[in-house]
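Open the model in your viewer and keep the selection tool ready.

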Amino acid sequence: MKFGKEFASQMVPEWQYAYMDYNYLKTLLKEIRRFKQRTKPPVTTPAGLKRKLTMYRAFSGLIHRHVKSPNGGPGGDIEDQVILVRAMQSDQGSSSDHVNYQSNFLMSAEEGGEYELLYFRRLDDELNKVNKFYRDKVDEVLKEAAQLNKQMDALIAFRIKAENPNIDGIGDFENFDRNVEMCHLASGVAASTAALNASTPCRAKSTKGYMGIIEEVEPSNRDDAEGYMDVIEEFLLNNGVNSGDTSADTDVNEHKATNSSVCEERPDSIKGSRPTRLQILNHVKLNNTLETPRSTIKGILKISMNRELNPKDLNKVERQLKRTFIEFYQKLRLLKSYSFLNLLAFSKIMKKYDKITSRSAARAYLSMVDDSYLGSSDEVTRLMERVEATFIKHFSNSNHRKGINILRPKEKRERHRTTFSIGFLAGGTTALLVALLLIIHARHILYKEGSSQYMETMFPLYSLFGFVVLHMVMYGMNIYFWRRYRVNHPFIFGVKQGTELGYREVFLLSSCLAVLAFASVLANLDMEMDPITKDFKALTELVPLGLVCLVLAITFCPFDIIYRSSRFFLLRCALHCISAPLYKVTLADFFLADQLTSQVQSFRSLEFYICYYGWGDYKMRTNNCKNYDVYTTFFYIVAVVPFWFRFLQVFAVITSAIAAIVSTYWDLVFDWGLLQRNSKNQWLRDKLLISHKSIYFGAMILDVILRFAWLQTVLDFKVSFLHREAMIAVVASLEIIRRGIWNFFRLENEHLNNVGKFRAFKSVPLPFNCDEDEDEDEDN
């Protein structure tokens, strides 16, 4: 794989515009190469002249190596010096925090020099952009680290108080303080950098860690992209950026020694500023994060959201703070990956420049990159060390392997067994479908007397599985295209890292359910009653009900089988939909509510299950469900329930024909972000993931058409070759297909919003509310 593609694949999707624009710089280099090829005079040299030319170049190189530049800097020989680099203070302030880097191209007077001048100007812009973004993000994590310091101090004090409720005096707390030591993540934004630099020679360490690796492992052949892939893979593996980490196998005793050394490196000024445990608890209350109906009602009624500490809340606080640390560590990992990949990209593009132009500018420019904040800062590395030490000690019982595995979850590996099972079950589904069609045709089932009764009773029962399987197939296709266009759907949905289902797993589940459904249909394809018993076989008539019970049992199964984390995530979102608006609504919640609005016919099928097996005579395939007023009433109520869920979340009134018009407009303008008149992509939006604009226009037209397909149930269109129940199933299937199309563009729009705001992390609420006047009270 070429470096450009590998570079793009390793990017944080939400930060893609903050990375160095490698492809554009590569385009500028191609223009330089084309110009040099046009202006290069044709040379035809015989073999002898070629050998002399080679000897001359070698001799010239020997002379140049002995003629040094006057300043002895990295510019190399006087003849080879191409650029002068410098760092300038920006207009934002006089501090070193605002530095712009600029290179002066010394060969602009040469023919075609304007191409190279443009290249270096754009390269400087990219360096300043990347450097500023990285500094801003590091400042953000340092502020979060300062907050986590207070949270950890409060947690330790809370633990001591909960485990030893009889401790009341300051002296008792001080005795426990001697045995409790915690590595602070940062002492504040202003003092953190000075404290870290005072403890270790960070610049030497970072230089060896980044540019040193690049220089050492740089492949001799500049066109060999595999060498760069090895660099990326080696760095990601050795520094915890890739989730397939091997550092979890490190010896526990060595890591404890490392942890203690990290703690001992902390300056005395940081240690001495810590308040006693008793003082911490006097300024701490528990936050109420609106996670339950009770807390939501309190928030609506303006009841105080903060309450006193209760030892019973210790486990909840620990879980919440543990999640916060895991999310914070993921930020640090992504920042480290961001820094390394950009440094590697600068190295790669400069080596390409030297090769194309036959100049020696890479060393001088990369030296400037190495001296920038991006190349010299190691705050992120040291914060990662402190987070690991704190997390292992306080959240994994000093078990290094367990702590590292939690902080660096391993990526899900694609298993060949899953692919094989999908193929096997898909083949089984196809075979059963063909067998079903052949049996229907051979037995002339459609022309028998019992066919109408079968369509009225058995077909609605089995159509439920068809709707579910179709929706799962559409969702699997959504996941495939989301991954192809790098839409970060696990982050958008808030799924725990490493537990999300891939499209292969979804296709596996759907094909398995399809096999069971078709097998059930074949087992219950009798159109006539037994002439002896004058009824249908009870066992075969109960097959649909048994399959529904099996699906529900698997869905609610508490054991760790068949993707338990995904099943529980689905159930949790369903609970939030049912309990809306008593729960805080997330995108995953109303996304599921939108899916349910497209499964109205499935809810009606479930209602029919209850009526048919509860009050009907399933042995005779007879029922009077439609004659009951209760059934008729619930027939329409069930259709309204999903929209009621949606109404409670967004307070939108959707009814009948107005619903179709309003919903279509809402789909195109709000959910998809399209139909923007002043967009650079006319009537679409500024940013598009799919290059073919016709796909967006086709999707809009198809959405409008399928939105009104439900009118068939109102206008009662009749098709001679389709039974009414079959027509209803076709219309319901069209709505599910429309929902699948809607899903892709809805998440595409959400992803582009995250990209525009560089939003790559979920905010996790902190458990403790620390008094802002704590420091003032300590001074008094």
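A crossing is right-handed if the near helix is turned clockwise from the far one by less than a right angle. Keep that in mind for the first stop. Note too that this is a predicted model.

**Stop one: a helix pair.** Select residues 587–597, helix H26, and residues 724–756, helix H32. Their axes lie 11 Å apart and pack at an angle of about 160°. Angles over 145 degrees count as roughly antiparallel, so that is how H26 and H32 run relative to each other. H26 passes H32 in a right-handed crossing. Now show side chains. From H26, pick Leu587, Phe590, Phe591, Asp594, Gln595 and Thr597. They meet Arg739, Trp742, Asn743, Arg746, Leu747 and Glu750 in H32. By class, this contact has five nonpolar, three polar and four charged residues.

**Stop two: helix H15.** Select residues 362–371. Seven of the ten residues are buried, so H15 is largely enclosed by the rest of the structure. Colour the buried ones: Ala362, Ala364, Tyr365, Leu366, Met368, Val369 and Asp370.

**Stop three: helix H25.** Select residues 564–578. The end C-alpha atoms of H25 are 21 Å apart, which agrees with the 21 Å its 15 residues should span at 1.5 Å a residue. Buried residues here are Ser566, Arg567, Phe569, Cys573, His576 and Cys577.

**Stop four: Leu522.** Find Leu522 in helix H22, residues 503–523. Its relative accessibility is 25%, so Leu522 counts as partly exposed. Which residues does Leu522 contact, leaving aside neighbours within four places in sequence? Select Leu432, Leu436 and Ile439. Last, select Thr540, 18 residues from Leu522 along the chain. The C-alpha atoms of Leu522 and Thr540 are separated by 9.9 Å.

How values were computed. Residues are numbered from 1 along each chain as its sequence is written. This is a predicted model: local features need pLDDT of at least 70, side-chain atom pairs count only at pLDDT 80 or more; totals for chains, interfaces and linings use all residues. Side-chain values use heavy atoms; hydrogens and water are left out. Axes are lines fitted to C-alpha atoms, for helices over the stretch in contact, and angles run from 0 to 180 degrees between N-to-C directions. Helices (H or I, at least four residues) and strands (E, at least two) are DSSP runs, numbered from the N terminus. Angles under 35 degrees count as roughly parallel, over 145 as roughly antiparallel, 65 to 115 as roughly perpendicular and the rest as oblique. Contact means heavy atoms within 4.5 Å. Ala, Val, Leu, Ile, Met, Phe, Trp, Tyr, Cys and Pro count as nonpolar, Asp, Glu, Lys and Arg as charged, and the others, Gly among them, as polar. Buried means under 20% relative accessible area, exposed over 50%, partly exposed in between (1.4 Å probe, protein chains only). The expected span of a helix is 1.5 Å times one less than its number of residues.
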